[in-house]
Amino acid sequence: YAFTMFDALVMYHAPQLHWFLADNLVSSHFYAVSWFLTAFSRNLSINLLYALWDILIVRGADVDLFFFSLALVLHHAPTIHHTPNAELPQFMSHLAPTSTQQVFDLYLLGAELKATTPPSFVELIGKSWRLEPVDAQGRGLAGRQGKQTAPMTVTSAELAPRGGMRYVFVDC
């Protein structure tokens with residue numbers, strides 16, 4: 001479920017990249033497993049890992065790893081678009097910052113992306129990360145099994161914040 005949420009984030013913030021990956025049959029299931037399960041410990045040198053973990057621990061937001069990962073993918077989007085499709089899963093799984101400054105910059109970009117993501121979707125990401133089952137309106141499903149959540153739901157007030165509209169997804 002966390003991977004579905006991450007794919008929806010990529011779709012929201014970078015639809016062309018999302019469809020490029022989807023057309024090449026590459027979902028975050030192929031490349032982000034170690035990012036989320038090990039919080040990048042498999043991908044980063046110890047110094048970069050400590051820099052990232054320091055930021056994540058100090059900030060204390062459980063969804064920040066998602067947005068850091070999104071920032072990493074978006075940072076590499078031009079290269080991703082030019083990577084041969086047979087090499088995409090391996091290339092994507094090896095994405096990593098190369099300096100402590102880049103770790104910090106990607107975290108800041110992730111914070112900007114989080115700020116421009118509908119708050120109700122950020123809340124759903126948090127619930128998926130904490131393994132709390134929710135319905136399409138983001139309400140807890142304690143004791144209810146088998147119901148899946150729509151990948152992205154927003155409140156009506158979030159559809160046109162500050163006079164502009166980004167994307168609307170309708171699942172019927």
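**Figure 1. Surroundings of Ser93.** In this predicted model, Ser93 touches Phe30, Tyr31, Trp35 and Asn43, where contact means heavy atoms within 4.5 Å and residues up to four places away in sequence are not counted. Ser93 is placed in helix H8 (residues 88–93); helices (H or I, at least four residues) and strands (E, at least two) are DSSP runs, numbered from the N terminus. With a relative accessibility of 12%, Ser93 counts as buried. The term buried denotes under 20% relative accessible area, exposed over 50%, and partly exposed the range in between (1.4 Å probe, protein chains only). Residues are numbered from 1 along each chain as its sequence is written, and side-chain values use heavy atoms, with hydrogens and water left out. Local features need pLDDT of at least 70 and side-chain atom pairs count only at pLDDT 80 or more, whereas totals for chains, interfaces and linings use all residues.

**Figure 2. The salt bridge between Lys114 and Asp64.** A salt bridge is defined as a side-chain nitrogen of Lys or Arg within 4 Å of a carboxyl oxygen of Asp or Glu, and the count by this rule is one. Lys114 pairs with Asp64, and their closest N and O atoms are 3.2 Å apart. The pair links distant parts of the chain, 50 residues apart: Lys114 belongs to helix H9 (residues 100–115) and Asp64 to helix H6 (residues 64–75). Lys114 is partly exposed at 26% relative accessibility, while Asp64 is buried, its relative accessible area being 7%. Side chains of opposite charge can pair when their charged atoms come close.

Figure 3. Helix H1 covers residues 2–13, and its end C-alpha atoms lie 17 Å apart. This agrees with the 16 Å that its 12 residues should span at 1.5 Å a residue, the expected span being 1.5 Å times one less than the number of residues. Because 11 of the 12 residues are buried, H1 is largely enclosed by the rest of the structure.

Figure 4. Ala39 lies in the loop between helix H4 (33–38) and helix H5 (46–59). The phi of Ala39 is near 50 degrees, a positive value in a residue other than glycine. Phe40 is found in the loop between H4 and H5 too, and has a positive phi of about 75 degrees although it is not a glycine. Phe40 counts as buried, with 0% relative accessibility.
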